[in-house]
Amino acid sequence: MKVLVPVKRVIDYNVKVRVRPDGSGVDLANVKMSINPFDEIAVEEAVRLKEAGKAEEVIVISVGVPQAQTVLRTALALGADRAILVHAADDPHTDIEPLAVAKILKAVADEEKPTLILMGKQAIDNDLNATGQMLAALMGCAQATFASGLEVGEGSATVVREVDGGLQVVKVGLPCVVTVDLRMNEPRYPSLPNIQRAKRKPFATITPEELGVDVAPRLEILETVEPPERKAGEIVNSVDELLEKLREETEVV
Amino acid sequence: MAVLLIAEINGGELSADLTAKSLTAARQLGDVTVLCAGAACSGAANEIAAFEGVSKVLCADDPKYGNALAEPVADLIVGIACEYDHVVGPATTTAQNILPRVAALIDSMMISDISAVIDGETFERPIYAGNAVQRVRSRDKTKVITIRTAAYDATGTGNSAPVESLSAAGDPGLSEWLEDRVAENDRPELTSAKIVVSGGRGVGSIEDFSLISSLADKIGAAVGASRAAVDSGYAPNDWQVGQTGKVVAPDLYIAVGISGAIQHLAGMKDSKIIVAINKDEDAPIFQVADFGLVANLFEAVPELTDKL
């Protein structure tokens, strides 16, 4: 089977994001960019399926600016077989919305016919948590979101989902979309020879127009601001003093 | 404007607090109809009818909605979505699974996890794990939204709205529920508890996490954990508070042995009062804490538990 893994280029999760003072967004100048951590876990899971002899080919795809090719190279170095870049924007501040990304992925899936689409549950920039669900809707197939366990069988997959009350186990028909949570696996580090090898793997660039998808945003971003600050509190010197303060300030203790 | 609120139902039972908090946001948008989809959920529907500001409850009582699988529930909602200007639900793993599927099926752009309603088409939502807040406007005919319940107080009761039954839609038969693995305990639910006591990596072991649980049980609190504590195996993953876990906003949040990584702060910084107990006086948690105690948690926590 073929596995398709969409990946997104985002600000590295270790970077403290700074809001631009004019409210136009967050500062991207000289900021380290990386593969969205949830997507990296999806790539790792797909590569493990290949190593286990369950998948024949792992295709990675990214929708965005040309610089997104760096995260595709990372995914190839982790073990994916080929990459597709959908060149959908030139300004790095342009965030292609989940609905448009889902339409692009649907068009690519129609061509490539993957049995499984594995992707991160959300991108850590816009935190929308929507693309996988939207893609499954457009494909008319099953979805298993927030997955921490995946067992692929004949014609179906069993997925352990992380839900608010604990875990839910579902069986989904194939093809399907699985979005992964943090605890699914721990991604490997790409080795130097694999980074070199990744440079020679097939890499295609296409455009949304070629796929017949309009990527114009539906949401107008009016302003991006700093979150309200919490004022710094006080340091107490003992448990007794802490209790005294809590009795003064709250009714719950 | 007409609003359809998807009630949070688990095993036929209403999650009253989450539904009542999302109702507060939904009422800011217009006239609210609540959809109660589940198996044997007529009791839940009657409970919803008592919430203030509910105009009508639609009860879709059918075994296929019993486990809130996204595919059948989305089809049910899509069948009636065009009658509404907004389709909303709490930003829980249940609604966040279902509603983006609905949005795509009606060609609307999903607006997840809103923290404020500015007007019928303008909303605020946190991005970058709460490190920035974005104000967005949607012109989609039916807007599909999930609500950050921690940002809202619960709507009260005292109403008796009519309950109508809604016939079930077809079953797409794409997925099948196998089992739930739910942790059983008598503690309050993490996202609706008035007090939360959380432990971090500083607690050091699964055995010592009982210090956290004992303190929590003494004051009727829910137990939480940082991602570091969960990843180290000290606490189960459904206790995790943070960007990748649960977002909580209790009246009192006690963080024990938690350094205060950005990803944890994103999940608890809307709490009314934050107490931090940590031996490292430079821990970032002290920058958001109302009261900080620089102390060895293995001495301070038992003392606190004793004296409460």
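This is a predicted model: local features need pLDDT of at least 70, side-chain atom pairs count only at pLDDT 80 or more; totals for chains, interfaces and linings use all residues.
Where in chain A is the place of A:P175? The legends below take up this residue and several others.

**Figure 1**
Residues are numbered from 1 along each chain as its sequence is written, chains are lettered from A and ligands numbered from 1 in the order in which they are written, and side-chain values use heavy atoms, with hydrogens and water left out. Chain A contains seven helices and 13 strands; helices (H or I, at least four residues) and strands (E, at least two) are DSSP runs, numbered from the N terminus. Its C-alpha trace spans about 65 × 45 × 40 Å along the principal axes. Of its 253 residues, 56% count as buried; buried means under 20% relative accessible area, exposed over 50%, and partly exposed in between (1.4 Å probe, protein chains only). Among contacts (heavy atoms within 4.5 Å) in chain A between residues at least 6 apart in sequence, 70% join residues at least 24 apart.

**Figure 1. Surface and charges of chain A.**
Chain A has an accessible surface of about 11100 Å², and carbon and sulfur atoms account for 49% of that area. Accessible areas come from the Shrake-Rupley method with a 1.4 Å probe; for residues, only the protein chains shown count as cover. The chain carries 29 positive and 40 negative side chains, and the centres of these two sets lie 7 Å apart. Lys and Arg count as positive and Asp and Glu as negative, whereas His and the chain ends are not counted. Each charge is placed at NZ of Lys, CZ of Arg, CG of Asp or CD of Glu.

**Figure 2. The cis peptide bond at A:P175.**
A:P175 is placed in the loop between β9 (166-173) and β10 (176-180) of chain A. The peptide bond that joins A:L174 and A:P175 is cis, with omega of about 0°. Most peptide bonds are trans.

A:G25 lies in the loop between β2 (9-11) and β3 (33-35) of chain A and is buried, at 8% relative accessibility. Leaving aside neighbours within four places in sequence, A:G25 is in contact with A:V19, A:R20 and A:T224. A:G25 and A:D125 are 100 residues apart in sequence, and 11 Å separates their C-alpha atoms. A:P190 is found in the loop between β10 and α5 (192-198) of chain A and is partly exposed, with a relative accessible area of 30%. Not counting residues up to four places away in sequence, A:P190 touches A:A77, A:L78 and A:I195.

**Figure 3. Contacts of B:N97 with chain A.**
B:N97 belongs to helix α4 (residues 93-105) of chain B and is buried, with a relative accessible area of 4%. Its side chain makes polar contacts with the side chain of A:Q143 (2.7 Å) and with that of A:T145 (2.7 Å). A polar contact is a pair of N or O atoms within 3.5 Å; within protein, one must be able to donate a hydrogen and the other to accept it, and residues adjacent in sequence count only if both atoms are side-chain atoms. Leaving aside neighbours within four places in sequence, the residues in contact with B:N97 include A:Q133, A:F146, A:R161 and B:A70.

**Figure 4. Two residues of chain B with positive phi.**
B:D107, which is not a glycine, has a positive phi of about 55°. This residue lies in the loop between α4 and β7 (111-114) of chain B and is partly exposed, at 35% relative accessibility. B:D113 is found in strand β7 of chain B, and its phi is positive, near 60°. B:D113 is buried, with a relative accessible area of 16%. Most residues other than glycine have a negative phi.

**Figure 5. Cysteines of chain B.**
The structure holds zero disulfides over all chains. B:C41 is in no disulfide, and the nearest cysteine sulfur, that of B:C36, is 3.8 Å away; a disulfide is a pair of cysteine sulfur atoms within 2.5 Å. B:C41 is buried, at 0% relative accessibility, whereas B:C82 is exposed, with a relative accessible area of 55%.
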